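Trainee: I am new to this structure and would like a guided tour. Could we begin with how its elements are named?

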Amino acid sequence: MSNTVARVFPAKLEQLDDVLAFAEERMDECGFSMKTVMQVSLALEEAFVNVASYAYPDSEGEAELSAVSDDEELTFILSDSGLPFDPTDKEDPDITLPAEERGVGGLGILMVKKIMDEVGYRYENGRNVLTMKKKIC
């Protein structure tokens, strides 16, 4: 049986605590371990901070975070109507290289990909939609 809860937040950095509190409630309901809650919170923080920092360069906007759970996984869907941007489109940085030899950017989404079991992006109806799934162990 699937359960969906969604909430809209102003896309501002000062909303991060509220975003994470919302997400952590969903993870607690699914019985995630404290370690998993901390890891997934880090991934969600990275995703939300990107939206808050870059999606609306000339205006203010909103981000919607949905949590869809079933017996097997919890899916977070972060969407916004800001500038189209696919964070999964960039090649992963080569983390074996020293920092000064790597290009700028890409570490955050790499972290999201490593923490979550599945990450996907689509641009639909004028919205960026980032889907992040975590299996319930």
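Mentor: Helices (H or I, at least four residues) and strands (E, at least two) are DSSP runs, numbered from the N terminus. This is a predicted model, in which local features need pLDDT of at least 70, side-chain atom pairs count only at pLDDT 80 or more, and totals for chains, interfaces and linings use all residues. Residues are numbered from 1 along each chain as its sequence is written, and side-chain values use heavy atoms, with hydrogens and water left out.

Trainee: How many helices and strands are in the chain?

Mentor: The chain has three helices and five strands. Along the sequence they follow the pattern β-α-α-β-β-α-β-β.

Trainee: What share of the residues is buried?

Mentor: Of the 137 residues in the chain, 38% are buried, where buried means under 20% relative accessible area, exposed over 50%, and partly exposed in between (1.4 Å probe, protein chains only).

Trainee: Which residues touch the most other members of the largest nonpolar core?

Mentor: They are Met27, Phe48, Leu65, Phe76, Leu78 and Met132, in a core of 32 residues. The largest share of this core, nine residues, comes from H2. A nonpolar core is a set of buried Ala, Val, Leu, Ile, Met, Phe, Trp, Tyr and Cys residues joined through side-chain atoms within 4.5 Å.

Trainee: Which residues of H2 are buried, then?

Mentor: Among them are Val37, Val40, Ser41, Leu44, Phe48 and Val51. The face turned away from the buried side of H2 carries the exposed residues Met34, Lys35, Met38 and Tyr54.

Trainee: What does Ser41 contact?

Mentor: Leaving aside neighbours within four places in sequence, Ser41 is in contact (heavy atoms within 4.5 Å) with Leu20, Glu24 and Met27. Ser41 lies in helix H2, residues 34–55, and has a relative accessible area of 7%, so it counts as buried.

Trainee: Changing topic, in which sense do S4 and S5 pair?

Mentor: Strand S4 (residues 118–124) and strand S5 (residues 127–135) pair in the antiparallel sense over seven bridges. Two strands pair if DSSP finds at least two bridges between them. Tyr123 stands opposite Asn128 in S5.

Trainee: What phi does Asn125 take in that hairpin?

Mentor: Asn125 takes a positive phi near 55 degrees, in a hairpin with two residues between the strands.
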